[in-house]
Amino acid sequence: MNRQEIDALVKKMNVDNATGEVNTRVQEIVVRLLGDLFEAIVDLNITQNELWKGLEYIADLGQANEVGLLVPGLGLEHFMDLLEDAKDAQAGVEQGGTPRTIEGPLYVAGAPESVGFARMDDGAEEGIMDTLIIEGVVSDVDGNVLPNAKVEIWHANGQGNYSFFDKTQSEFNLRRTIYTDENGRYRALTTMPVGYGCPPDGPTQKLLTLLGRHGQRPSHVHYFITADGFRKLTTQFNIEGDEYLWDDFAFATREGLIATVADKSSPEDLAEYNLDKPFKYINFDFKLTKDTSTSPDTQVERRRAQG
């Protein structure tokens, strides 16, 4: 079959047969994707065995709750970020904001809230993982600070696991919502995160292995940042020096989103942060872009965990 014949067949089966009310947007997408799939089946000579193995894989992916893991792993989530960047440029969105990058699958809504400062860890890894201070300023692209900006922050523990999904951790461990203070500043006391790998026996790693790829991420920290009159920022920083910094299986590393860790141990530093032992330190600022009637929407509706 050629593409014209395929499109005619898809239309006959999924458009001409409609007898009820049609969601035209869903119809448009389904017809296009089916046409592309049918064409790929012809071009690649995909067999019935291969088709059903692929469909069984999709079922396994859903049962393992790894859809949100495979999407970044195949580069789809990063592609959507690049596409949104292009839409922003076309719409004339002001330049200079902090780059976006993928959300990933491990956000949980409802983290405890505070103003200016929060301790994120529950103490379970005290003495095992280095203490870390993360702080920074949220401002607009011109440097005007934004008090009361909502900074949602989450990261993995020393085992590379996230609370809620890892039932050995306490509720909302290493997850907090910090509203910036009157100077636009947020500060978090936490522990050094590490990267993680896809579950080795899961369907995501199974496919990556067939593609000759690893499933490792570098050490990183996730953020949602929102403020009145500004576009929501979904981003994360990856930590400099990690072996997977530029080899992230989820393709999340971007210029402008690399954090440098400093060692702090002077009496002045300990006193400033009210600590009694040396600690790691990251300063990471964020710049938000103004929301306008012509700006593409940065709110993404997707199923998320609720704590």
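Visitor: Where in the chain is G215?
Guide: G215 sits in the loop between helix 6 and strand 8. Helices (H or I, at least four residues) and strands (E, at least two) are DSSP runs, numbered from the N terminus. This is a predicted model: local features need pLDDT of at least 70, side-chain atom pairs count only at pLDDT 80 or more, and totals for chains, interfaces and linings use all residues. Residues are numbered from 1 along each chain as its sequence is written, and side-chain values use heavy atoms, leaving out hydrogens and water.

Visitor: Why is G215 called buried?
Guide: Buried means under 20% relative accessible area, exposed means over 50%, and partly exposed is in between (1.4 Å probe, protein chains only). G215 has 1%, so it counts as buried.

Visitor: What does G215 touch?
Guide: Contact means heavy atoms within 4.5 Å. Not counting residues up to four places away in sequence, G215 touches Y196, G197, C198, Q205, L208 and F249.

Visitor: How far apart are G215 and D276?
Guide: They are 38 Å apart in space, C-alpha to C-alpha, and 61 residues apart in sequence.

Visitor: Which residues of helix 6 are buried?
Guide: In helix 6 (residues 203-210), they are P203, T204, Q205 and L208. Their cover includes helix 3 (48-63) and helix 4 (67-73). After helix 6 comes G212, with a positive phi near 75 degrees.

Visitor: What makes the phi of F164 stand out?
Guide: Most residues other than glycine have a negative phi. F164 is not a glycine, yet its phi is positive, about 80 degrees. F164 lies in the loop between strand 5 and strand 6.

Visitor: Why is F164 called partly exposed?
Guide: Its relative accessible area is 33%, so it falls in the partly exposed range.

Visitor: What is the phi of F251?
Guide: It is near 60 degrees, a positive value in a residue other than glycine. F251 is in the loop between strand 9 and strand 10. At 34% relative accessible area, F251 is partly exposed.

Visitor: How do you know that T289 is buried?
Guide: Its relative accessible area is 10%, so T289 counts as buried. T289 belongs to the loop between strand 13 and strand 14 (305-306). Beyond residues up to four places away in sequence, T289 touches V93, E94, G97, V141, F230 and R231.

Visitor: What makes a nonpolar core?
Guide: It is a set of buried Ala, Val, Leu, Ile, Met, Phe, Trp, Tyr and Cys residues joined through side-chain atoms within 4.5 Å. The largest one here has 27 residues. In that core, V138, Y186, Y223 and F237 touch the most other members. Elements giving two or more residues to this core include strand 4 (131-140), strand 7 (185-191) and strand 8 (220-226). Apart from it lies another core, of 15 residues, among them L69, W154, L208 and A250.

Visitor: How do you know that strand 4 and strand 12 pair?
Guide: Two strands pair if DSSP finds at least two bridges between them. Strand 4 and strand 12 (residues 279-283) are joined by 4 bridges, and they run parallel. L132 stands opposite K280 in strand 12.

Visitor: In which sense do strand 11 and strand 12 pair, parallel or antiparallel?
Guide: Strand 11 (residues 262-264) pairs with strand 12 in the antiparallel sense, over 3 bridges. A262 has Y281 of strand 12 as its bridge partner.

Visitor: Why is helix 1 called oblique to helix 2?
Guide: Axes are lines fitted to C-alpha atoms, for helices over the stretch in contact, and angles run from 0 to 180 degrees between N-to-C directions. Angles under 35 degrees count as roughly parallel, over 145 as roughly antiparallel, 65 to 115 as roughly perpendicular and the rest as oblique. Helix 1 (residues 3-14) and helix 2 (residues 24-43) cross at roughly 135 degrees, their axes coming within 9 Å. Helix 1 is therefore oblique to helix 2. The contact includes I6 and V10 of helix 1, and L34 and F38 of helix 2.
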